[in-house]
Amino acid sequence: MALRIYNTMTGEKELFVPLTPGRVGMYVCGVTVYDYCHIGHARAGIVFDIIYRYLQYSGYDVTYVRNYTDIDDKIINRANQEGTDYRTIADRYIEAFDEDMARLGLAKPTVEPKATDHIGGIISIIEALVAKGHAYLSGGDVYYAVETFPEYLKLSGRNLEDMLAGARVEVGDKKRHPMDFALWKGSKPGEPWWQSPWGNGRPGWHIECSAMSMEFLGKTFDIHGGGKDLVFPHHENEIAQSEGANGCQFVRYWVHNGFVNINAEKMSKSLGNFFTIREVLQKYDPETLRFFILSAHYRSPLDFSDQNLDEAQSGLERIYNCLASLDDILNGNPQPAETALVRDLPQVGLELQEKVDSFMTRFAETMDDDFNAAQALGVLFEMVRATNRFLAETEKMAPLSLSLLAHVRALFVEAGGVLGLFTTAPSLWLERIKAAKACQIDISTDEIERLIAERSAARRAKDFRRGDEIRDLLLAKGILLLDSAQGTTWNVK
RNA sequence: GGCGCGUUAUCCAAGAGGCUAGGAGCCGGUCUGCAAAACCGUUAACGUCGGUUCGAAUCCGACACGCGCCUCCA
């Protein structure tokens, strides 16, 4: 099997062949740091996180670049609103972004450059574009002349006439063609600025990504990612800039993730229907959110709702329950000596052994198929079921059984490492979920414990009516009682 | 108006011609004083109408509905 990636440029899944064998250069558009990130940003972050992890898992030496756009109209506007400077705003939200992504368990990219640290590179590219006739100076700004780049709009598969028919393009008097876009903007009073051959000013939005990708990955590199909404204009413009300046192919594989929807509508800042990552993490565990995001293919739309998050949590709990059972058994028994033959296993054991043997192959096959994490989760669940069956039907754990279970446990760690899941000890995770639910209950832990003690006494005295009364009372408060041989524990409904 | 995408059982969701996806739920069972939790088992689908094919959820065409981009946006 070999990795196949859906390339937006061709609209097809293509065999992935890196420019340099064994190495991958990947650039993903980060965020403009002017506010807290929402769930859409979380999805993009997690999608490219697992792509990054899987490429590494597949043996590639990956250089992953994800930028911060730290100079932009929105940042300046925000600074003006708050009566501060753009740097304060940018630094504040860079910090917030880092916190959010760390909580979501994203691996750190190889480089996280800031646009403002690459003004020199930006100016060089603009100079090259001007020299080649792709760009022109007009009223203190520098614009890209889209008509000089015949392949413009090749990524989104449109043409200039159709775009203009859309009639929502503002015709600026400084532009030769309405679709021309700014590479460099002359600074207005009070705005941050840098020196340039065209006077003091600041970079346009698109040019920074051309500059930073070239700096760290070269003129041509393997994978460029971002949200679907960046296809036009951002990525089209990057292509025009980079290929216009360098005269060679910019990106080999374009990868775009789908949106997060609310009630089947795109979640976005402009629509105002968004939830920030922080808000959601107050209610849901970060791994639940990750699991939810991975439960749909990265190019599909994903509908965000409490019900869907709850379902994701139930599914993840199922896996963690299985892992917790495995840990109990593995920790409670001596390390197996590993001698017996496979055929000594009972029938359920053979079934599990078969799942174990094929697991990583099947997992890799699904991930090789355009990073199909949703299907990979299906493979995981099949192993959960086989494991649970084995545990239920095996009374005495022979060394061979223990060795098999240890193998299962290791496979979950291996797959979890690619998906960014199961990073927490199962017992801790389950405890954490319980604690989070407990916060929403209006009865104290002490009171619950007191009632449980009273009920246990009643049950010992065979007073089951009183016992059931207490159980119903707690249930009304949303507390579930779990009786077992070891005693009674509780959980939140 | 231009370009593109989607429609899978109660819900979420994978699936690019023949091979049980998976999860949540329902129902049945194991366990239990009875329950619950957990676990096991089971259930059901491919928007509509045509076409291609021995065979279509999967390919082609039309229609309906939904969504996205065309303006800053992950």
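Me: How do the residues of the lining of the largest cavity divide by class?
Reply: They divide into eight nonpolar, one polar and one charged. Ala, Val, Leu, Ile, Met, Phe, Trp, Tyr, Cys and Pro count as nonpolar, Asp, Glu, Lys and Arg as charged, and the others, Gly among them, as polar. The model is predicted, with local features requiring pLDDT of at least 70 and side-chain atom pairs pLDDT 80 or more, while totals for chains, interfaces and linings use all residues. Residues are numbered from 1 along each chain as written, chains are lettered from A and ligands numbered from 1 in the order written, and side-chain values use heavy atoms, without hydrogens and water.

Me: Why is this space called a cavity?
Reply: It is called a cavity because, on a 1 Å grid over the protein atoms alone, a 1.4 Å probe fits there but cannot get out; lining residues have an atom within 4 Å of a point. The volume of the largest cavity is about 50 Å³, and the structure holds one cavity of 30 Å³ or more. H1 (39-57) and H9 each supply at least two lining residues, and H1 gives the most, with three.

Me: What makes a pocket, and how much space lies in the second largest pocket?
Reply: A pocket is an open set of points with protein on both sides within 12 Å along at least five of seven lines. The second largest pocket holds about 340 Å³. Of its 17 lining residues, Lys283, Tyr284, Gln313, Lys437 and Gln440 lie nearest the centre. Helix H10 provides the largest share of this lining, five residues. By class, the lining has five nonpolar, four polar and eight charged residues.

Me: Why are H9 and H10 called roughly perpendicular?
Reply: Their axes cross at roughly 105° and come within 9 Å. Angles of 65 to 115 degrees count as roughly perpendicular, and H9 and H10 therefore qualify. Glu287 and Phe291 are among the H9 residues that meet H10, where Gln313 and Leu316 are among the partners; contact means heavy atoms within 4.5 Å.

Me: What joins the side chains of serine 156 and arginine 158?
Reply: A polar contact of 3.2 Å joins them. The term requires a pair of N or O atoms within 3.5 Å, one able to donate a hydrogen and the other to accept it; the value of 3.2 Å therefore falls within the limit. Serine 156 lies in the loop between strand E6 (141-144) and helix H5 (160-165).

Note on methods
Grid points are joined across faces, edges and corners, and a volume is the space filled by probe spheres set on the points. Helices (H or I, at least four residues) and strands (E, at least two) are DSSP runs, numbered from the N terminus. Axes are lines fitted to C-alpha atoms, for helices over the stretch in contact, and angles run from 0 to 180 degrees between N-to-C directions. Angles under 35 degrees count as roughly parallel, over 145 as roughly antiparallel, 65 to 115 as roughly perpendicular and the rest as oblique.
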